[in-house]
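Dear colleague,

Here is the structure we discussed handing over. My notes on it follow below.

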Amino acid sequence: MSKDKSLAAVALITSLFFLWGFALNLNPILIPHLKKACQLTDFQSSLIDSASYIAYFLLPIPAAQFMKRYSYKGGIILGLLLFSVGAALFYPAAAVRNYAFFLGALFVVFSGMAFLETAANPLITLIGDPASATQRINFAQSFNGMAAALAPFIGGTFILSGTVLTDAQEKAMSSQQLEAYLNHEASSVQVPYLVISIAVLLVAIFVWRTAFPAIKEESAETKAIENKPLLGRIIALAKNKHLMKGVVAEFFYVGGQACVTSFFIRYSEHVAGFGEHSAAKLLSIGLLLFMLGRLSGTALMLVFNPVKLLVTYAIINICLIAAAVTLHGPFVVYVLMAVLFFMSIMFPTIFSLSIRGLGPQTKLGSSLVIMGIVGGAIMPPIMGQLSDMFNIQIAYVVPGVSFAVILWFALQNLKVKKLDVVGGH
């Protein structure tokens with residue numbers, strides 16, 4: 001294969017990191033937006049994360065099995081098609097203003113993203129020169145971070161109206177006026193998600209038309225293990241206490257990350273008095289700090305022990321969350337933005353620690369750790385319920401618990417002196 005065609009394949013795979021980073025980080029915009037448009041409680045609005053992240057729990061292993069039979073390229077095309085169809089479904093969901101329809105559309109979108117993440121993370125390391133595999137995945141993940149920073153800014157500009165009615169204002173409206181307002185709010189997602197659907201479909205066509213490099217065959221030992229019954233392999237891995245601790249830590253990390261970002265706008269409005277648009281911009285800056293944190297953290301790991309860095313960042317975030325729960329005023333929003341910076345290294349470090357020493361079982365073990373992403377489906381509703389019972393500020397104790405669990409996991413691994421940090425979300 002020519003160098004130009006190989007570069008085209010790398011460019012397309014890199015674009016996948018951008019696409020899922022963008023879609024995932026529109027959720028913090030959708031949560032306050034659909035809360036208004038569909039008149040939801042905090043608990044109900046948190047189900048946006050549940051519909052999204054549950055796909056990551058259900059799909060990684062089926063996606064891996066699909067790609068084992070039909071190739072990475074086939075899995076990517078199917079993932080992009082699901083992504084495109086799910087985004088297009090936002091148009092009729094908004095037209096009828098049905099929350100269950102929105103949740104179904106999100107599940108389809110994230111089912112596609114589960115295929116993309118399952119394929120793209122290993123594939124970007126397998127194509128091209130093995131010596132530069134680490135540079136390629138770090139480069140690709142920088143586009144994921146870029147998308148994460150852009151999504152709240154673009155989503156906040158084109159989706160959020162900036163108008164939040166008080167209970168008194170809603171009661172002062174006639175039923176026709178309120179219905180018109182709610183329909184107008186719901187309709188603002190139609191064009192943005194239609195544009196996303198078309199863009200993703202175009203990428204699917206490019207992938208279909210692009211020749212991918214041949215992937216190096218797996219070792220005989222790996223093939224022999226992968227030909228064994230899947231259920232038996234999963235049961236055997238479930239007995240690995242170190243791996244299971246990693247799954248638990250990743251569960252709490254992703255749950256904590258989802259909680260911090262998903263309720264950021266609501267927290268900014270009700271605790272610090274920021275408007276929707278200002279809060280969305282601050283979230284965008286916070287996610288830019290997240291990307292910078294990952295870049296700087298990767299550099300620091302060349303000098304400091306990654307596990308000790310994880311311990312330090314977890315302690316810092318526990319202190320920052322304590323401040324966010326107890327203090328008041330605009331300052332507390334900047335505290336939450338700092339939390340995003342210090343959580344940046346957590347996913348890849350936990351992931352890398354979890355799969356250490358798995359040998360030919362690494363691929364399946366990685367899928368099990370990725371399934372820990374289901375924490376993003378379970379913890380935001382807990383936080384939403386706490387917010388409905390008390391207030392959004394008190395509810396931020398939930399990600400505080402997450403960072404305590406991460407600290408516990410890191411302390412379990414203090415004896416690890418050397419670690420190659422891989423993977424990202």
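Helix packing

Helix H14 (residues 264-272) packs against helix H15 (residues 276-300) at an angle of about 130°, and their axes are 9 Å apart. Axes here are lines fitted to C-alpha atoms, for helices over the stretch in contact, with angles running from 0 to 180 degrees between N-to-C directions. That makes H14 oblique to H15, given that angles under 35 degrees count as roughly parallel, over 145 as roughly antiparallel, 65 to 115 as roughly perpendicular and the rest as oblique. On the H14 side the contact (heavy atoms within 4.5 Å) is made by Phe264, Ile265, Ser268 and Glu269, and on the H15 side by Glu276, Ala279, Ala280, Leu282 and Leu283. Helices are DSSP runs (H or I, at least four residues), numbered from the N terminus.

Helix H4 (residues 60-88) and H6 pack at about 135°, with their axes 7 Å apart, and are therefore also oblique to each other.

The model is predicted: local features need pLDDT of at least 70 and side-chain atom pairs count only at pLDDT 80 or more, while totals for chains, interfaces and linings use all residues. Residues are numbered from 1 along each chain as its sequence is written, and side-chain values use heavy atoms, with hydrogens and water left out.

Nonpolar core

The largest nonpolar core has 140 residues, of which Leu80, Met346 and Tyr396 touch the most other members. Such a core is a set of buried Ala, Val, Leu, Ile, Met, Phe, Trp, Tyr and Cys residues joined through side-chain atoms within 4.5 Å; buried means under 20% relative accessible area (1.4 Å probe, protein chains only). Helix H6 (residues 99-126) gives the largest share of this core, 15 residues. Leaving aside neighbours within four places in sequence, the contacts of Tyr396 include Cys259, Phe263, Phe264 and Met383.

Cysteines

The structure holds zero disulfides (pairs of cysteine sulfur atoms within 2.5 Å). Cysteine 259 is buried, with a relative accessible area of 0%, and cysteine 38 is buried at 14%.

Glutamine 361

Glutamine 361 lies in the loop between helix H18 (346-354) and helix H19 (362-371). Glutamine 361 is buried, with a relative accessible area of 15%. Beyond four places in sequence, glutamine 361 is in contact with Ile225, Arg233 and Leu237. Arginine 233 is 128 residues away from glutamine 361 in sequence, but 8.4 Å away in space, C-alpha to C-alpha.

Regards

Note on methods:
Buried means under 20% relative accessible area, exposed over 50%, partly exposed in between (1.4 Å probe, protein chains only). Helices (H or I, at least four residues) and strands (E, at least two) are DSSP runs, numbered from the N terminus.
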